[in-house]
Amino acid sequence: QAQLVESGGGLVQPGGSLRLSCTASGFRLNAHAIAWFRQAPGKEREGVSCISSSGGLTSYADSVRGRFTISRDNDKNTVDLLMNSLKTEDTAVYYCAASQLVRCVAYGSGWSGLSSWGQGTEVIVSS
């Protein structure tokens, strides 16, 4: 059964760092662009970052550009999101999603072609 599982969330102080991981089981990620989304309490889900199937192209939301870095290891079947200089407004549940496309095609506040979603991992940035 195809499944995505996020890990690495937790409580961190403002200015701190976390690395989130998205691991796939039941299918290979190397044919899919992978995106990270987040949803804060009371807010709509928003796209955070996306990486093409080869890892050669990345995209970031303006709110995280320069602080977050997305990467992938197709051999390990994982996609990571390194989050530095975290702010309280980064508090949210973070989800990874696999696209049916190999590239990140912008759509609305995120990217299109998403077909599989993980259950999410919670990030709380608080002092």
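This is a predicted model: local features need pLDDT of at least 70, side-chain atom pairs count only at pLDDT 80 or more; totals for chains, interfaces and linings use all residues.

1. Residues are numbered from 1 along each chain as its sequence is written, and side-chain values use heavy atoms, with hydrogens and water left out.

2. Strand S13 (residues 121-125) has a covered face made of Thr-121, Val-123 and Val-125, and an uncovered one with Glu-122 and Ile-124; strands are DSSP runs (E, at least two residues), numbered from the N terminus. Strand S2 (residues 10-12) runs parallel to S13 and is joined to it by three bridges, with Val-12 opposite Val-125. Strand S9 (residues 92-99) pairs with S13 in the antiparallel sense, also over three bridges, and here Ala-92 stands opposite Val-123. Pairing requires at least two DSSP bridges between the strands.

3. The structure holds five salt bridges, each a side-chain nitrogen of Lys or Arg within 4 Å of a carboxyl oxygen of Asp or Glu. One of them joins Arg-38 and Asp-90, whose closest N and O atoms are 2.9 Å apart. This pair links distant parts of the chain, 52 residues apart, with Arg-38 in strand S4 (residues 34-39) and Asp-90 in the loop between S8 and S9.

4. Arg-38 is buried at 5% relative accessibility, and Asp-90 is buried at 0%, where buried means under 20% relative accessible area, exposed over 50%, and partly exposed in between (1.4 Å probe, protein chains only).

5. Asp-62 and Arg-65 meet in another salt bridge, at 2.5 Å from N to O; Asp-62 is exposed at 65%, and Arg-65 is partly exposed at 46%.

Definitions and conventions:
Helices (H or I, at least four residues) and strands (E, at least two) are DSSP runs, numbered from the N terminus.
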